[in-house]
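Here is a structure to go through by question and reply. Each reply sets a value against its cut-off and concludes.

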Amino acid sequence: MTDRERPPKRQGAKPVRPEPKGAKAKALSALVRAFAAEQQIPEARARLWVSYLMLGGVLLRANRDREVPTYVIKGGVAVELRLRERARATKDIDLSVGVAAPDLVVHFEETLSEPYEGFRFRRRGEPHVMPN
């Protein structure tokens, strides 16, 4: 993203989030705003919950027809999905992945490549593979 594409920053304020592109994204954004207001939680937290749930749907689809799951969500996201606002907010996602280390990133990116309910995922930054 170039400096021209970045939304302007105001002193002492968070950067302005760009408007979502596409009708589905705009509708989802409106629903998230309404949910956050109704539940009296920060919109950013509600947005993360939706992202976690959508990623969970993608991982569930990848686990379908397998005796042993390939992906398991763990850590703070697992707790937050269970306890919602009673859990401490988290911004990262911890996964247990049942794929051999050399194929791990390729397999995960293939899993994410299929659209989910009309939305696509992209990885930000480089993956950090933890040793067993």
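Predicted model: local features only at pLDDT ≥ 70, side-chain atom pairs only at ≥ 80, totals over all residues.

**Labels and their cut-offs**

Q: What makes arginine 45 and glutamate 80 a salt bridge?
A: Their side chains meet at 2.8 Å, N to O. The cut-off is within 4 Å, so the pair qualifies. Arginine 45 lies in helix 2 and glutamate 80 in helix 3, so the bridge ties together parts that are 35 residues apart in sequence. Glutamate 80 has a relative accessible area of 2% and is buried.

Q: Which other residues meet in a salt bridge, and how do you know?
A: Arginine 47 and glutamate 43 do, at 2.5 Å, N to O.

Q: What makes helix 2 and helix 3 roughly perpendicular?
A: The axes of helix 2 (residues 43-63) and helix 3 (residues 75-83) cross at roughly 105°. Angles of 65 to 115 degrees count as roughly perpendicular. The two helices are therefore roughly perpendicular to each other. Their axes come within 11 Å.

Q: Which residues of helix 2 and helix 3 meet?
A: Arg45, Trp49, Tyr52 and Leu53 in helix 2 meet Val77, Glu80 and Leu81 in helix 3. The residues of this contact divide into five nonpolar, no polar and two charged.

Q: How many aromatic pairs are there, and why is phenylalanine 35 with tryptophan 49 called edge-to-face?
A: The count comes to two. For phenylalanine 35 and tryptophan 49, the ring centres are 6.3 Å apart and the planes stand at 65°. The limits are within 6.5 Å for a pair and over 60 degrees for edge-to-face. Phenylalanine 35 lies in helix 1 (residues 23-39) and tryptophan 49 in helix 2, so the pair ties together parts that are 14 residues apart in sequence.

Q: What makes serine 96 partly exposed?
A: Serine 96 has 33% relative accessibility. That lies between 20% and 50%, so serine 96 counts as partly exposed. Serine 96 is found in strand 2 (residues 94-97).

Technical notes: Residues numbered from 1 in each chain as written. Heavy atoms only, no water. Axes fitted to C-alpha atoms, helices over the stretch in contact; angles between N-to-C directions. Helix = DSSP H or I, 4+ residues; strand = E, 2+ residues; numbered from the N terminus. Parallel < 35°, antiparallel > 145°, perpendicular 65-115°, else oblique. Contact = heavy atoms within 4.5 Å. Nonpolar A, V, L, I, M, F, W, Y, C, P; charged D, E, K, R; others polar. Phe/Tyr/Trp six-rings, centres within 6.5 Å; stacked < 30°, edge-to-face > 60°. Buried < 20%, exposed > 50% of the residue type's maximum accessible area, 1.4 Å probe, protein only.
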